[in-house]
Every structure is written in C-alpha cells, then in structure tokens.
Amino acid sequence: MSDSQIEWTDVTWNPVAGCLILSSGCSHCYVMHMACRLEVMGVEKYVGLTRKSGTRMIWRGVIREDRASLDIPRRWQRPRKIFVNSMSDLFHDGVSDSFIADVWQAMRDTPHHTYQILTKRPDRMAGFLSTHTGEVLDNVWLGPSVENRDVVDRIDFLRQAPAAIRFISFEPLIGSVGAIELSDIHWAIVGGESGSAARPVREEWIDEIHDLCRISGTAFFFRQWGTCGCKIVTVRLYDLFAGCGGASCGFREFGMEIALMWGAIALFGAGLLMGMILGAFLFWAFIAYTDLVDGRRWRR
Ligand code: SF4
C-alpha cells in the first residue's frame, strides 16, 4: 500500500504483482520500471518479474498472488478510495479465479472503502463476475483502459459486467477513439502519456471524448497533457547505480542524467572554491588589521 499521487484515488492496494504487455497502451508501462526498482529495494513479491530488453525493463509474464496483502484494507479504519492493482491487472489470465474471489471478499467485507478496479482485460472481468458472483458491490467501481479506437470493444465488455459505477480511463490517449457510445458510463478520465518516450496526445481527441461525455451525461475528468514534447529532467542516479539501467529512459536521457551529475559536482566544487577564497581573504584581513605585541594580536 502507498499513498497515491493519482488525483482520482487515495491509496493503491496491490494484491497481485506482475503483468504482461497486451496492447499499444502498455508499450511504455511505467509499472515495469517500478517493479524493477522495488526488486532492487528488496521487495520480495517483485523479484524476478521483469527483465532487461535493450535499454528498458519488460515483464517476464510472471504473475504473483500476494495472499498476505488481502487483509490490508480490513485494517484501514478510515474510509479510502483504493486503486486496486495499480501495479498489475487483476484480470490477467495468470490470476486464479479463487484469488479474484478472495479479493472480492475483501472488498465485500469493507463497505466503508471505495474500490476502483482498472483493467485492460474487461472480457475476463465480465465473464468472471457474471459466472462467479453476479453480485453488484456498491463500493466497487469497474473500468477498462481505452487508449485508441483499436480497443473500444473493451467498453462493451464493461457494460456486461455487473457494476455500481462504470468508468473508463482514456489514458494514455494515443489516438482517436472515434464515435463511441458512452451511455451508462458514469465517469471518463482523460490524459496524455508520461515518460521520456511519451507519444503525443492531440487536442481534438480530447475534445471528441469531451463532446461524447456531454451527450451521454458522463462526468469528464481531464488529468494531464502528458510529457510528449517536453524534455523531462529526471535524475535517475538511483537506477543508474542500482541496476535498472535507466530503464524507461532512452540513451539521450541517460546522457542527460550523467550531465546532471557532473553539473552538480561542478557546482559543489565551485562553491567549495569560493568558500576557500573568501576564508583566505578574511584571514588576510584579520592579519592586516591587527598587530602582534607580546605574542597577542591587538587591533589597530
Ligand atoms: S495491463 Fe497495465 S500493468 Fe499490465 S502491462 Fe499493460 S499497462 Fe502495464
């Protein structure tokens, strides 16, 4: 669990670790990089989930169910908005039905929390929920990620899933979604892609979704433009030395990190030199302004 910087949630809860790239929206999945970091930091459930491919880390396809984390929401007394599996996908094929059922039970047992489940596999979500529970939990929101028109069929699967609140994350939006229908969808989140290799988002794609939301009465939340077109100055020295190899950043940014490191060293050196010069001047001024008499210095 961690406090989240994502505006639409309070905390993340990750009973599953590991995933596999599914569609073009996954290409720059920041979670692969995060999993590598957590492995380096010694978090056991992330060990062995990623491997290096060129200059970045990618999933190996290993899925790990973390039974110990199932009780975490039960221990939280204060109501929270909880993003379920921000580091994975609860409906990945590698997650067993029985484990999803246990996650469901944890959510059922804690109606004071609101759970937000985002998936790129709403087909399995709809199938699982229809056959295994059929039950609508008022505190659970269900939603797919839809990055372009190639995957808009995910919205149809969302409609087949029994849910109190249905939402769609159009983030990272990397193409037009076309003339889709948003009736019965309560909430749409829209945003560009982040990261050093971010792909562009066009204003007209955002407007298109905004207009569709207006027609269907869907709440529209614009989250961010993403980082395409701006140079992100991120110092990832930790990754550099810890072995993630600058994953998720290309060689150009890797070079930038080294330049930043040397810049910081040069600034520190310049500060040190200035300090020494100032110290020498003050010492000279002290000597010049005083006289040595009987072994003691006296002011003139
Ligand atoms: S489904 Fe989500 S976590 Fe899995 S690879 Fe795609 S973006 Fe990453």
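In the predicted model, His186 has 17 C-beta neighbours inside 10 Å and therefore counts as partly exposed; a buried residue would need 20 or more, and an exposed one 12 or fewer. His186 belongs to the loop that lies between β10 and β11. Apart from neighbours within four places in sequence, the residues in contact with His186 are Ile165, Arg166, Phe167, Thr218 and Ala219.

Ser216 is the last residue of helix α6, which covers residues 203-216. This helix is made up of 14 residues, and the distance from its first C-alpha to its last is 20 Å, close to the 20 Å expected at 1.5 Å a residue. Trp205, Ile209 and Leu212 are the buried residues of α6. Viewed down the helix axis, they fall within an arc of 60°, so they line one face of α6. An α-helix has 3.6 residues a turn, so residues three or four places apart point the same way. The cover over the buried residues of α6 includes β10 (165-170) and β11 (187-191). On the face turned away from the buried side are the exposed residues Glu203, Glu204, Asp207, Asp211 and Arg214.

The chain as a whole contains eight helices and 14 strands. Of its 300 residues, 34% count as buried. Among contacts in the chain with a separation of 6 or more, 70% are between residues 24 or more positions apart.

How values were computed:
Residues numbered from 1 in each chain as written. Predicted model: local features only at pLDDT ≥ 70, side-chain atom pairs only at ≥ 80, totals over all residues. Helix = DSSP H or I, 4+ residues; strand = E, 2+ residues; numbered from the N terminus. Expected span 1.5 Å × (residues − 1). Arc of directions from axis to C-beta. Contact = placed C-beta atoms within 7 Å.
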